[in-house]
Amino acid sequence: MVKTALVTGVAGGIGYATAKKLLSEGIRVYGMDIAEKLPSPLGEGFTYIRGDLSSQSDRKHFIEAALSDSGRIDILVNVAGVAPRVRADLLEMSEESYDFVMNINTKGTLFLTQAVAREMIKNDGDNKGYIVNISSMSAYTSSTSRGEYCISKAGVSMITALFADRLAEYGIPVNEIRPGIIATGMTSVVKEKYDRLIGDGLLPIKRWGRPEDIADSVYLLCSGAMPYVTGQSIDVDGGFHLRRL
């Protein structure tokens, strides 16, 4: 049986790389993003659904499109996320910016996961599904010029814990990957800053992360190779999380 995966944020670096990896493993992928089109076609087995994760109707359409073709959803990878449109000091952060970031990164992720989980529970067999959330090292790292982003990703970590607890009885593992400094469109605006920090020894593994580093980790969590792991946060960050003297 061919498995079916939903991937959000599929027009960006991590989402696109994740969809590509899952397709290479014979998994059918439905991807959602707000972009008009992908950077380049992903080919057979992929269906693109344009939509806004913060919209209830768009989330519903995304799920229904996959179910109408495949009849079930086996994998959900929550990648979609936005940074604040304007970086502002925590003392100047606006409610508008907070709502924009939280509605997509946290609220949208929460309610898409809720809706997909309800469908996964209906699946036949012992392996009803896998859920992987992409949060960030910002879930635990203070960055006072983008506080709303840090708060939103800390929320994703709690979403992971809550659904891991709630869905364990159904045999649905829910885990989280915390990317570090990954070369994507979101980080391109601060490339010089991170080039300097990495060069000065910020990371034990002295290079930028690649979207493929995250995609490979996502597949491991969805492959069935780790059936006794749930509620886990995996740092894919070149060792950033280590405390060093």
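Biologist: In which strand is Ile 234 found?

Modeller: Ile 234 belongs to strand β7 (residues 233–236). Helices (H or I, at least four residues) and strands (E, at least two) are DSSP runs, numbered from the N terminus. The model is predicted, so local features need pLDDT of at least 70 and side-chain atom pairs count only at pLDDT 80 or more, while totals for chains, interfaces and linings use all residues. Residues are numbered from 1 along each chain as its sequence is written, and side-chain values use heavy atoms, with hydrogens and water left out.

Biologist: Why is Ile 234 called partly exposed?

Modeller: Its relative accessible area is 25%. Buried means under 20%, exposed over 50%, and partly exposed in between, with a 1.4 Å probe and protein chains only. The value of 25% lies in between, so Ile 234 is partly exposed.

Biologist: What does Ile 234 touch, not counting residues up to four places away in sequence?

Modeller: Glu 176, Ile 177, Arg 178 and Leu 221; contact means heavy atoms within 4.5 Å. The C-alpha atoms of Ile 234 and Ile 177 are separated by 4.8 Å, although these residues are 57 residues apart along the chain.

Biologist: How do you know whether Glu 176 is buried or exposed?

Modeller: Glu 176 has a relative accessible area of 1%. That is under 20%, so Glu 176 is buried. Glu 176 sits in strand β6 (residues 174–179).

Biologist: What makes the approach of Glu 176 to Ser 135 a polar contact?

Modeller: The side chains of Glu 176 and Ser 135 come to 2.3 Å. A polar contact is a pair of N or O atoms within 3.5 Å; within protein, one must be able to donate a hydrogen and the other to accept it, and residues adjacent in sequence count only if both atoms are side-chain atoms. The distance of 2.3 Å is within 3.5 Å, so it meets the cut-off. Leaving aside neighbours within four places in sequence, the contacts of Glu 176 also include Asn 133, Ser 157 and Gln 232.

Biologist: How many aromatic pairs does a search of the whole structure find?

Modeller: One. Tyr 194 and Trp 208 form that pair, 6.0 Å centre to centre with 90° between the planes. Tyr 194 lies in helix α5 (residues 191–199) and Trp 208 in the loop between α5 and α6 (211–222), so the pair ties together parts that are 14 residues apart in sequence.

Biologist: Why is the pair of Tyr 194 and Trp 208 called edge-to-face?

Modeller: Rings of Phe, Tyr and Trp (its six-membered ring) pair if their centres lie within 6.5 Å; planes under 30 degrees apart count as stacked, over 60 as edge-to-face and the rest as tilted. The 6.0 Å is within 6.5 Å and the 90° is over 60, so the pair is edge-to-face. Tyr 194, at 10% relative accessibility, counts as buried, and Trp 208 is buried at 18%.

Biologist: Which residues line the largest cavity?

Modeller: Among them are Tyr 130, Pro 173, Leu 221 and Met 226. On a 1 Å grid over the protein atoms alone, a cavity is a set of points where a 1.4 Å probe fits but cannot get out, and a pocket is an open set with protein on both sides within 12 Å along at least five of seven lines; lining residues have an atom within 4 Å of a point.
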